[in-house]
Amino acid sequence: MCVRSCFQSPRLQWVWRTAFLKHTQRRHQGSHRWTHLGGSTYRAVIFDMGGVLIPSPGRVAAEWEVQNRIPSGTILKALMEGGENGPWMRFMRAEITAEGFLREFGRLCSEMLKTSVPVDSFFSLLTSERVAKQFPVMTEAITQIRAKGLQTAVLSNNFYLPNQKSFLPLDRKQFDVIVESCMEGICKPDPRIYKLCLEQLGLQPSESIFLDDLGTNLKEAARLGIHTIKRQGFAVLPKLVSNSWAQAIYPPYPPKVVRLQVNDPETAVKELEALLGFTLRVGVPNTRPVKKTMEIPKDSLQKYLKDLLGIQTTGPLELLQFDHGQSNPTYYIRLANRDLVLRKKPPGTLLPSAHAIEREFRIMKALANAGVPVPNVLDLCEDSSVIGTPFYVMEYCPGLIYKDPSLPGLEPSHRRAIYTAMNTVLCKIHSVDLQAVGLEDYGKQGDYIPRQVRTWVKQYRASETSTIPAMERLIEWLPLHLPRQQRTTVVHGDFRLDNLVFHPEEPEVLAVLDWELSTLGDPLADVAYSCLAHYLPSSFPVLRGINDCDLTQLGIPAAEEYFRMYCLQMGLPPTENWNFYMAFSFFRVAAILQGVYKRSLTGQASSTYAEQTGKLTEFVSNLAWDFAVKEGFRVFKEMPFTNPLTRSYHTWARPQSQWCPTGSRSYSSVPEASPAHTSRGGLVISPESLSPPVRELYHRLKHFMEQRVYPAEPELQSHQASAARWSPSPLIEDLKVCNCSAPDTGNMELLVRYGTEAQKARWLIPLLEGKARSCFAMTEPQVASSDATNIEASIREEDSFYVINGHKWWITGILDPRCQLCVFMGKTDPHAPRHRQQSVLLVPMDTPGIKIIRPLTVYGLEDAPGGHGEVRFEHVRVPKENMVLGPGRGFEIAQGRLGPGRIHHCMRLIGFSERALALMKARVKSRLAFGKPLVEQGTVLADIAQSRVEIEQARLLVLRAAHLMDLAGNKAAALDIAMIKMVAPSMASRVIDRAIQAFGAAGLSSDYPLAQFFTWARALRFADGPDEVHRATVAKLELKHRI
C-alpha cells in the first residue's frame, strides 16, 4: 500500500500543491519587505527549538503514550506539575541532573497512575536521533533567511544530557546566536533570557521576529515588543488596525496583535513569509534528497524520459524523493520544464502480489475515460534494466491534499463540503461500467471479502515478527463472520481523504491517488476504509484521527451519517454489519503496518516513520477486535427467538471424532455440525465440543491461569493485607487480560444495549479497553432494595441538568482510584406507575457532591482496592444527556443489566468451586490422619464425589441459561437465569465448605483462598437479588406455565 496513507508524518504537506505554491512565490518575488508599526525592517528571526524546529515534547509524549498504553496527557500533566519549581523547569535551569529529573519525574507519573511508568523510555525517545530531527521546511527557511542577510538565533528552554552536553540536535552553523536555558540558569518566559538573546544579536526588540509553540513564552516576548508567531496553536501577529480584544489581552504593550490559528511548520513558515515579504521555500515541498538505499540511475532514466517525451534538451534531470511512500517509493522529476512523478517497486525480495504498480497504471488509464478524476499517466516501464525495478510515470498534479482529517482553518460548511465531495467521488468510482472501460477482468467476480481475508492473513504471516493476541483472534474470527457480497464494483482499496487532490479554492476532487490495492470487489469495504480516521485519536502518530473531536462543531459528518450519505447517493439500503467492515478495515491496516515494520528491519521501507509502526500494529489490531466484539453483540441481539416452552433440552453423546482424545466424552444438544454452526446452534457442554478456535482459546486461557495467575496468589494476598491495598496492584495490571470484573461487565452490557453513541464513546470504549473502572449505585440502607421499586434517591430536573440526592451503600468498586463512572438509579417521578418511576443516570466520579462515607466489610474483608462503599449524593448536578434511554426507564434497564450480571456471577462461582475442589484433592493426597492418607477416608471420598456431582449439575444449568440468552435473549431466559442464581451460590458454599473441612484450621486462614471463596459465595446469595426473590420467580413461572 502506498504513500502518505497510514504512515506519513502529520507535519508535512503533500507536494501536489507545488504548482499553486509556485504562483504564490512569483507573487512574492520583488515585493517590498513588510515593516512593523515603527517603520523599521526586520533584521533577525529567533526560533524556539522544541515544537518549532523539531517535534515538541507534547507531540513526542502523545506518540509514546499510545505506544506504551499510558493514559493520554499523563506526560504533559507531569511536565507542568509544580510550575516554576517543578522537576521539568528545574531540569531546564540545570538545577538538577538528568538522573535526578528522571527520578522525580518517574515518581510524579507513577503517583498519578498508581503504577510504575517507564519514563526512561520516554526520555530516550524524546532525545533520539529518529525523533529529534529538524523539520526540512524550517531548514530551508533558515537558509533563505540568512541568504537575505538576516540573522538567525535559537532561544530554547533546554537541558543537559547525561553526558553533560546540552540537548541541541541542530547544526549550530545555521545560527548567529544560540541561547540555552540550561547554560544561563533562566528559562522562558523570564524576560531576562529574551533580553540576553537580543543583546547578543545587537538588536532592538522591534527588529526581530520570534517563533514559539507556547502562548506564555510568546506573551512575554510580545510585551517586550518582539513580533511573535506561534507554532501549533495561536499566532500573535502585527495588525495595522485597532483591535480592542487584543488590547484587552496585552495592554498597553506594542504591537497591537491578533491571534491566528496555525497548525504545522509549513503554516508557520507561510506566516513568516508574510512578515518578511520574501519566499522561504524555493524547492519542492515534502521532498528530500534520495535516500542511499533508494537511489536510481539518473542517466538511464533521463535517456528513457527523453525518448518518451521527445525532449531534445541537454539540461540536467532534477530528482527528489517524496517523504511519504511506504510501499512504492515515489519520486519528483523535473526535466526540461516538465514536472513528473515516478512510482516504482521497492528493491529487494517482495511479498507475493504486493507492490503491483502495473495495476495502478492500468486502472488510472481506464478510469480517466470514465470521468473519474485521476492523474494523467504517461507510460508503464516493465523493463527492470532502466532503473532496477518496474515503474510508471505520470504528470505532476497540482492541488491541495488535506492530511489532517479535522481540516483546520476551514469553515464548518467548507469542511462538510469537502467530505461530501469525497463521498461523491467514491460513488462515482463504484458506479463505473466495468465492461465499458474494459475492466471486467480486473479482478475476480464475487467472494471479495473471503479472498481479502485470506490475502491479508497470508501477508501478515509472511511479515510476522512476534505473536499479537488480537491479530490471532481476528484471524480466527473473520472467516466465521463473512458478509454476503451484494454488488461487485471497482474498489480503490485505500480510499481516504489524504489520497485525494482537491481544488485549492473549491470543494472539488481533482484526482484520486494511490491505486495499488485496487481490484473488483465489495464497495462497502471502501466506504468503511474511508472512515478509519473517525475511530482513531488525533494524537495517533502516523495517521491523525478525529474520534476525540467535536464533529458537530467542526461541521464534519459522523461515520454513520457519512455512510447514510453514500447509501442515499447510490440508492442502497444501509447495511446491518457495518462493524464487520470496520473490523476488517483495521485488520488490513494492522497487517500493512506489520509489513512496513518488517521491511524497515531490512531498510526496504521508504519512509523515515516506518520503524515505529511495529508497536502500532498491536494498537490497531485491538481497534479491529473492538469492532468484532460490537458485531458479536449485534448478531446475538438479532438471533431468532425460540419459544422456551417447546424446546427439548435433552443431550446425547456424539460419535467419537478425530478432535476428541481417546476416553473423553463430548455432549451436545445437536448432531455434529460445522464450527460456525456450533457457535450459534447447539448447546456445548464440554471443552472438546467447542469449535477449534474457541477450544484453542480455552486452552490458552487455562495455560495462562496455571502459569501466570495461580503462582501470583501469594503476592496478591500480601498486597491485599498491606497498607497499599487501596491502590491497584501493579501485578494485577500486568496480568489483566480478560477485563471481566463486576460491576464493569454489567455496566458495559448496559451501555451496549441502551447507551447513545456519545455515551458509548465516552464510557464504553474506556471500559472495554480496561482503562477505566465503574460502579453501580442502586442499593439503599433505608429500604429493602431487593425490590427495585423501593428506591428513594431522587433525580430532579433543573435547567439543563438533573440534580441527584440520595444515600446508597454496598456500591462495589466505588473506592477504586480508577473508578471514573457511577451508574446511578433513582426516582424521577414518584407519581408515575410503579415500574416507571425510576431512571438511570451516568455520573462522572469527579462530579462535586459525591461523598464516600466509609468502606464496608464482608465478614471482615475489605475487598480492596475496589471495596464496597457507603455513599451520599448531595446536590450532584449531571447534564441531561447523561440520562440512559430516557426518564422512567430505570427498572427496565436494571432488569436488562441484571441478566448478564447474574450469569457472570454464576460462572465465577463455578470457578471458585472448581478451584476449591482442586485444592481439596491436592490436600487430602498429601496429609495423613489416623495412620492413613486422608484420601483413603470414606467420608472424604464421599465429599469429593458429591462436590463433583453438584458442580456439574450447576455447570449444565448455567450453560443452558447462557445458550438460551444467546439464542432468544434475556427475557426468554428469565426462568433459567433465576434458577442458576438460586442454585450456584448455595452449591459453591457447600463445595467450598467441604474443602475447608478437609484443610482443617488452615482452611480458615488467609494462607489459602478458601476463606475468601466462602465469603463471596455467601455474599452472592444477596448480590443481584437474594435467594428468596429468585425462588419466588421460579415458582411463579412454574405455576404459570406448567399446570
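These are my notebook entries on what I looked up in this predicted model.

**Entry 1: the chain as a whole**

I began with the secondary structure and found 34 helices and 28 strands in the chain. I then asked how much of the chain is buried, and the answer is 54% of its 1043 residues. For the contacts between residues at least 6 apart in sequence, I noted that 71% join residues at least 24 apart. The chain exposes about 45700 Å², and I recorded that carbon and sulfur atoms supply 54% of that area.

**Entry 2: helix H32**

With 26 residues at 1.5 Å a residue the helix should span 38 Å, and I found its end C-alpha atoms 38 Å apart, so the two values agree. Just after H32 I came to Gly 1000, where phi is positive at about 75°.

**Entry 3: strands E1, E2 and E3**

I turned to strand E2, residues 151–156, where 5 of the 6 residues are buried, so the strand is largely enclosed by the rest of the structure. Which strands pair with E2, and in what sense? I found that strand E1, residues 44–47, pairs with E2 in the parallel sense over 4 bridges, and that E2 and strand E3, residues 177–180, also pair in the parallel sense over 4 bridges.

**Entry 4: salt bridges**

I counted 50 salt bridges in all, and I examined several of them individually.

The pair Glu 220 and Arg 223 has its closest N and O atoms 3.9 Å apart, which I set against the 4 Å cut-off for a salt bridge. Both residues belong to helix H11, residues 215–224, and because they are 3 residues apart there, about one helical turn separates them. I recalled that an α-helix has 3.6 residues a turn, so residues three or four places apart point the same way. Glu 220 is buried at a relative accessible area of 18%, a value just to be read against the limit of under 20%, whereas Arg 223 is partly exposed at 31%.

The side chains of Asp 441 and Arg 362 meet in a salt bridge at 2.7 Å, N to O. I located Asp 441 in the loop between helix H16 (412–430) and helix H17 (448–463), and Arg 362 in helix H15 (residues 357–368), so this pair ties together parts that are 79 residues apart in sequence. Asp 441 is exposed, with a relative accessible area of 54%, while Arg 362 is partly exposed at 32%.

For Asp 1027 and Arg 1021 I read a closest N and O separation of 2.5 Å, and the pair forms a salt bridge. Is Asp 1027 buried or exposed? I found Asp 1027 buried, with a relative accessible area of 1%, whereas Arg 1021 is partly exposed at 24%.

Finally I asked which residues are linked in a network of salt bridges, and I noted Asp 744, Arg 773, Asp 816 and Arg 818.

Terms used: Residues numbered from 1 in each chain as written. Predicted model: local features only at pLDDT ≥ 70, side-chain atom pairs only at ≥ 80, totals over all residues. Heavy atoms only, no water. Helix = DSSP H or I, 4+ residues; strand = E, 2+ residues; numbered from the N terminus. Buried < 20%, exposed > 50% of the residue type's maximum accessible area, 1.4 Å probe, protein only. Contact = heavy atoms within 4.5 Å. Areas by Shrake-Rupley, 256 points an atom, 1.4 Å probe, with all protein chains shown as cover. Expected span 1.5 Å × (residues − 1). Pairing = 2+ DSSP bridges.
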